Amino acid sequence: MACTEVYSMSSPKMEYVEGRCFSFINSSTSLKLWPMIRRTNSPIRRGRKLGVSCSLPNILSPLGSEEDASVVPSSHSLEDEFSHVTKFKMSDFKIRNRVSIGLGGRGDEIVFEAMVNDPHSPLYKTRVVLRQLISARAKRRGRRAIEVLKRLARRKLMYHSYSMQVHGYICSSMTDENSSFTLVLGHHGSSSLRHWLQRSDWLPTLEATLSLDQESVRRVGDDTIGGPAISRQLRLIRILMRDLLIGVNYVHSHGLAHTELRLENLHISPVDKHIKVGILGNAADFNEADTVDGTSYDNMDRRRMMIAFDMRCVGFIMAKMVLRELMDPTIFAKFKAFLTKGNDPSCLREFLLHAVKRNSSAGNFGIQILDRNWGAGWHLLSLLLAPKPLDRISCLNALRHPFLCGPKWRVSPSIDVIRWSLGSTTVRIAEEYIYGQQQRSRLAHFIELMEMLNPYPKPKHWLGSFPGKWRLLYCTGRHIGLTLRQPSVRVLIGEVYLTISKASTPKTTFSAASHISFTVMPSGDWPHDKSGVGGKLQVNTYFRLRAGRRLYLQEETDTSKFPSATPDAQASAVKRLSGKTWRKAIPVNEFPSSLSVAKLVSTETEVTMSLDKPLSGNIEVAQKALQEVRTQIPPEMFDLSKIVCGTYLDSRLLVLRSVNGSALVLTRCTNNS
């Protein structure tokens, strides 16, 4: 826009900084800045009023394509546009000879520190950050950051607490497109959140910087100070995540989306102990209609999509804070590829257990943190990274999530969180492979509860989620793996998978293939070297989905060693559901007489077995090896026709019931597993 500015100059010279563009590397050291800056003196006539005709480039939407910085006329003056900030001169600052690399910006920006030396300025002797913008696109980002400041500065307390402060700007000449434009920002420490996390001693250093005291602990509802490293790290992540969500929600409540949330744009102020969200140079307006192609979109849909984009960025930030292994670019690239391939984020745990090394330097603290509170961290991370934008959690709901609320805060769990907690606890118990009577009883209780809370009881809901690769995790009717008995042939079971694919016609028909890998060891005793002859066994069949019901007969008795649906287990499930923990969410007074299930009608079954090489040329040894495999593996995996119905299905877990009442718990595998 065109404007005219008239003012008098009391100084015969005006100084400004011209610097060549350079980029910073990730480091916590400092660099000498003087060789990269030179001062230029421009003579100006003394005592005369200087008339400057200026033109501001059009403030483009950050989501639009990059265009040339065209000059758009306007009737507003520069003072009217930027009246809420201060226009500085370069002579108002004393440039420091060192700059932290943690403050480095883009390739078209030069960032350095300075001290305000103007005694008439309210910022006298205050450290600031000067961000000189070089390219036309960078200058548009700078003016956009000043423009959106009008909204955020209305609530000064929130603005000063959760946003990087913009004090003003320095502009040498608005008529010349090649002139410099510099933002004057508040100094909130010399390192970004990325540089904090990259330090080897980041946990104690960051705790000391934030001065974690009773007040800080109260803010996250925790009841402990110090303690093991995992508890300390969890408490710190809660503080940082809550601060970040409050700051992002503050931006969203003013009709803006940040669109550039990442670790480099977040700073921790040692003064007020808050996370500062970076400058809003690419902020997008919710109510700005897109009329480039002649169509306008609903403002509500635009708002949801932009908020969902920011929440996905928050999910990436949370993943890097919790899982330190993701700071490695190669591992983070695999992490993003897992999501872009269409995998469900709820299966992240199954994927990361294979992608992250067990002997990593971080000690797998992140996986243990996310496993706490019945897997609440995995649930929050899956909601932040949901594939559909409308399914992603909002800032306010995330602040109420059990993962970010300490034990002192009573949070009423939703039905989705209850289902997730049951499934996560079942997986954790099954992974321990200690199947005593107590573990088997707990697993039977949790499976009964999961079946009662089945989110997809009708077969039509199974059509999309049923296909996939499932790994056998537990069976209530058979102890999977080795026991104390002495087998005639030593066989070590590998993985057991059930692959379900959708047939072409009709749409309710599925093909199921059971894959069992094992190793036959020739030694009579168990050797230290578990190598041997590898083998595979595959069972193929077809299933048709039908609607059915599972009946509970009160008079039936089961004398098997591993009961799955005994009256005792049912009574215990009713007792659990009627307790204080479950009563508010599920008002159940008595065990139901029947449940809706997806009935599976199978056809002919085909079994094939293959070995890498012959077993000493003796067919009797091969028969004993096959018998040992059948002894260790549930019979339902050999004869898929014994599976009669599916009683539970979600994005992670699948529970199938056999003809004798045994329950098979399977967990979904990703394409990378």
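This is a predicted model: local features need pLDDT of at least 70, side-chain atom pairs count only at pLDDT 80 or more; totals for chains, interfaces and linings use all residues.
Reader: How many helices and strands does the protein chain have?

Author: Helices (H or I, at least four residues) and strands (E, at least two) are DSSP runs, numbered from the N terminus. The protein chain has 18 helices and 25 strands.

Reader: What share of the protein chain is buried?

Author: A residue is buried under 20% relative accessible area, exposed over 50% and partly exposed in between (1.4 Å probe, protein chains only). Of the 673 residues in the protein chain, 50% are buried. As for contacts, meaning heavy atoms within 4.5 Å, those between residues at least 6 apart in sequence join residues at least 24 apart in 72% of cases.

Reader: How is the packing of two helices read, and what is the case for α10 and α11?

Author: Two packed helices are described by the angle between their axes and the distance between the axes. Axes are lines fitted to C-alpha atoms, for helices over the stretch in contact, and angles run from 0 to 180 degrees between N-to-C directions. Helix α10 (residues 348-355) packs against helix α11 (residues 365-384) at an angle of about 130°, and their axes are 11 Å apart. The two helices are therefore oblique to each other; angles under 35 degrees count as roughly parallel, over 145 as roughly antiparallel, 65 to 115 as roughly perpendicular and the rest as oblique.

Reader: Which residues of α10 and α11 meet?

Author: From α10 come L348, R349, L352 and L353, and from α11 come I367, D371, W378 and L381. By class, this contact has six nonpolar, no polar and two charged residues. Here Ala, Val, Leu, Ile, Met, Phe, Trp, Tyr, Cys and Pro count as nonpolar, Asp, Glu, Lys and Arg as charged, and the others, Gly among them, as polar.

Reader: How is the length of helix α13 checked?

Author: The expected span of a helix is 1.5 Å times one less than its number of residues. For the 18 residues of α13 (residues 415-432) this gives 26 Å, and the end C-alpha atoms are 26 Å apart, which agrees. Because 13 of its 18 residues are buried, α13 is largely enclosed by the rest of the structure. Y433, which follows α13, has a positive phi, near 55°.

Reader: Where do the buried residues of α18 lie?

Author: In α18, the buried residues are A622, A625, E628, V629 and Q632. Seen down the helix axis, they fall within an arc of 120°, so they line one face of α18; the arc is that of the directions from the helix axis to the C-beta atoms. The face turned away from the buried side carries the exposed residues I619 and Q623. The cover over the buried residues of α18 includes β18 (490-502) and β19 (509-521).

Definitions and conventions. Residues are numbered from 1 along each chain as its sequence is written. Side-chain values use heavy atoms; hydrogens and water are left out.
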